[in-house]
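Subject: Structure for you to look through

Dear colleague,

Please find the structure below, with my notes after it.

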Amino acid sequence: MLLTLLLVFLLGYLLITLEDVIHLNKTATALITGVLCWTIYALSGVADGHAVSEQLGHHLIDIAEILFFLLGAMTIVELIDAHDGFTLITDRIASRNTRTLLWISSFLAFFLSALLDNLTTAIVMVSVLRKLVHDPQQRRIMAGMTIVACNAGGVWSPIGDVTTTMLWIGGQVTTLNIIKTLLLPSLVAMLVPLGILTMRYPAATTAFVPSEEEEGVSRPYVTRVRRRDRRLMLAIGLGGMLFVPIFKTLTGLPPYMGMMLVLGVIWVASEVIHKDKDEAAREPLTPAYALQNIDSPSILFFLGILLAVGALEAVGGLRLLADSLNESVGQLDVIVLLIGLVSAVVDNVPIVAAAMGMYDLQTFPTDNQLWEFLAYCAGTGGSILLIGSAAGVAVMGMEKLEFGWYLRKISWLALLGYLAGAGVYLGQVALLR
């Protein structure tokens with residue numbers, strides 16, 4: 001049964017990677033793959049139908065948390081964009097030099113993802129790049145680098161990446177230690193691909209050419225009311241998303257609850273500031289309209305992928321993989337490095353969960369090297385493939401990136417950065433011994 005599940009998963013994964021060749025929508029493939037995996041498990045007779053349904057319900061709770069978080073974040077970003085709120089950022093970082101803009105956007109993504117999270121930051125940064133870069137090829141490259149920067153930036157903060165947050169909540173790592181030990185390796189994981197891309201870019205390429213309508217979009221002649229609206233929506237949206245991890249810490253509730261609260265607040269604000277407009281003028285500025293414009297297929301794609309991964313976890317496939325690595329490799333640093341590579345193919349959340357179950361806190365206490373290196377590898381390893389991280393999935397949907405394009409243009413750079421950062425971390429450990 002496990003072999004059949006693996007074959008179905010691999011076949012579905014292959015069809016997803018060949019989407020631009022076979023012209024079969026990846027969302028449909030992912031949904032079919034996810035449902036088939038659970039169907040095979042249910043019909044296998046390994047567990048009765050009630051037990052399988054309970055396991056599915058358990059996984060669906062975790063999946064729904066991610067999907068609702070993504071839904072809320074995408075709606076908020078779309079609403080800010082509808083009010084031209086991102087022009088307050090683009091007017092300050094716009095550059096006609098592609099290299100300069102690439103560095104500015106990458107560093108902004110790196111540090112912003114530590115404050116928000118890599119998924120939200122990826123959504124925000126791609127929205128900003130859409131305002132700055134009109135050339136689709138240039139924007140695709142920058143979007144690919146944004147994925148690498150967001151995943152690297154999320155690693156060294158306990159609220160920046162789901163897997164680091166899991167380790168933080170589970171007591172495997174502490175806030176100050178994870179920042180101290182992983183900031184430099186994560187920075188290197190971004191700087192290596194960024195440096196290579198810089199050398200491959202023409203120095204004076206024009207990246208930002210404002211149209212007549214966009215020239216001075218947030219300059220003084222913009223009406224006072226419109227300027228107030230865009231500032232208010234940007235402040236509530238980004239400020240609210242910054243508040244989400246604080247809300248989680250204070251209440252213990254999952255992050256999507258904080259995101260839904262922020263969505264509710266910005267919804268109310270939108271209704272209040274536009275209450276005097278006529279229906280035609282108000283409609284494009286409402287959250288209801290923003291919900292119609294978000295990339296729903298990407299959310300369903302994520303659902304299908306996580307369902308398939310959940311089925312593999314439910315039948316013990318991921319635990320079997322981790323045990324096999326432990327027996328065949330033995331060396332923990334090498335195992336964790338391989339786990340990072342696997343997380344580029346399979347979602348890093350269940351892999352980290354399996355690793356947390358394999359190794360206990362009695363043997364490997366809080367802030368042990370195992371947990372630190374696991375946080376780094378699971379977070380940055382997801383950048384190696386387009387569907388290896390939530391940030392990658394979100395950017396893929398927003399910029400319509402193809403798996404094959406990312407593999408050719410970005411994956412090898414992300415791999416070099418991943419290995420370089422791992423080397424820096426292990427070097428740090430060796431120096432401190």
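**What was found**

Ile22 lies in helix 2, where helices (H or I, at least four residues) are DSSP runs numbered from the N terminus. Before going further, please keep in mind that this is a predicted model, in which local features need pLDDT of at least 70 and side-chain atom pairs count only at pLDDT 80 or more, while totals for chains, interfaces and linings use all residues. Residues are numbered from 1 along each chain as its sequence is written, and side-chain values use heavy atoms, with hydrogens and water left out.

With a relative accessible area of 36%, Ile22 is partly exposed; buried means under 20%, exposed over 50%, and partly exposed in between (1.4 Å probe, protein chains only). Together with Leu11, Leu14, Leu18, Val21 and Leu24, Ile22 forms a nonpolar patch on the surface, with about 500 Å² of accessible area together. Patches are made of residues with over 30% relative accessible area and no salt bridge, and nonpolar side chains (Val, Leu, Ile, Met, Phe, Trp, Tyr) are joined within 5 Å, like charges within 9 Å. A salt bridge is a side-chain nitrogen of Lys or Arg within 4 Å of a carboxyl oxygen of Asp or Glu, and accessible areas come from the Shrake-Rupley method with a 1.4 Å probe, only the protein chains shown counting as cover for residues. Helix 1 (2-17) and helix 2 (19-22) each give two or more residues to this patch.

In the loop between helix 2 and helix 3 (26-43) you will find His23, which has a positive phi of about 60 degrees although it is not a glycine. His23 counts as exposed, at 69% relative accessibility.

The structure also holds 11 aromatic pairs, meaning rings of Phe, Tyr and Trp (its six-membered ring) whose centres lie within 6.5 Å, with planes under 30 degrees apart counted as stacked, over 60 as edge-to-face and the rest as tilted. One of them is the stacked pair of Phe373 and Tyr425, at 5.2 Å centre to centre and 10 degrees between the planes. Because Phe373 lies in helix 19 (residues 369-381) and Tyr425 in helix 21 (residues 403-432), the pair ties together parts that are 52 residues apart in sequence. Both Phe373 and Tyr425 are buried.

Finally, the count of disulfides comes to zero, a disulfide being a pair of cysteine sulfur atoms within 2.5 Å. The sulfur of Cys377 is 19 Å from the closest cysteine sulfur, in Cys150, which is too far for a bond.

Best wishes
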